[in-house]
Amino acid sequence: SLHPVVSALLPHLEVKVRWWMRGRFAIATRHRVAYLSLFLDSVAKEGALGLLPANTVVPFALAIDSAYLVTYSASDAFRVTAEAGVLVAPRASGGDRIVLDFPFLYSRFAAVETGATVYLGLGLTGSFAGRIVWQLDARFTPIAITDGNGGGGWILEAGGALQVYANEHFGVNLGARVAHGRYPVGVRTHVLPVVDVRIGL
């Protein structure tokens, strides 16, 4: 899978593989690789959407995200998934310090500075009326970037969504996400509405 709009600034590819299934339990892995430097370079500027200083020297950086998932299907209409993952961000030597202490970006780009981050997550998914799917999820990420008081950072991100599918190839996703955590600037909470179109082949 990939997001066609996001790929313009953040080229990426993701694959999910189910390795084992017995009864109501299944084990899978999800793997994602992304090229980060293009996006980081685009936000190193002054003014609107400037998230890094304009003179930032952006290193060559990749993100390699691997998650291990265990799913329990209580029924055909409800399942629970627990995940544990690690995001490694190898980067070329040199370049400036890269810290995007902004909501929904901090935990996803912190590994560029720290080398790697780990996370734990839990998701609930259910369906009703045939083509309507609801989803709740939460993910916790500790981050080894200290704030001004010497404390480490962390992010708890949670969300809920309602996915309505016209058919097996087209659907609309409506929901919201909340990020609460300790950034280098202190503890903050942010809410973001989500509208997404999903196309399957």
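**His12 and its surroundings**

Leaving aside neighbours within four places in sequence, His12 is in contact (heavy atoms within 4.5 Å) with Leu2, His3, Val6, Ser7, Arg32, Val33 and Ala34. The model is predicted, so local features need pLDDT of at least 70 and side-chain atom pairs count only at pLDDT 80 or more, while totals for chains, interfaces and linings use all residues. Residues are numbered from 1 along each chain as its sequence is written, and side-chain values use heavy atoms, with hydrogens and water left out.

His12 belongs to strand 1 (residues 12–22); strands (E, at least two residues) and helices (H or I, at least four) are DSSP runs numbered from the N terminus. With 11% relative accessibility, His12 is buried, a term that means under 20% relative accessible area with a 1.4 Å probe, protein chains only. The side chain of His12 reaches the backbone oxygen of Leu10 at 2.8 Å, and a polar atom of that side chain lies 2.9 Å from the backbone nitrogen of His3.

Thr117, in strand 5 (residues 116–128), is also buried, at 4% relative accessible area. Beyond four places in sequence, contacts of Thr117 are Gly85, Val86, Leu87, Ser107, Ala110, Ala111 and Thr141.

A nonpolar core is a set of buried Ala, Val, Leu, Ile, Met, Phe, Trp, Tyr and Cys residues joined through side-chain atoms within 4.5 Å. The largest one has 18 residues, and Leu36, Phe39, Leu40, Leu52, Leu100, Phe109 and Val112 touch the most other members. Helix 1 (37–42) and helix 3 (111–114) each give two or more residues to this core.

Note on methods. Buried < 20%, exposed > 50% of the residue type's maximum accessible area, 1.4 Å probe, protein only. Polar contact = N/O pair within 3.5 Å; in protein donor to acceptor, adjacent residues only side chain to side chain.
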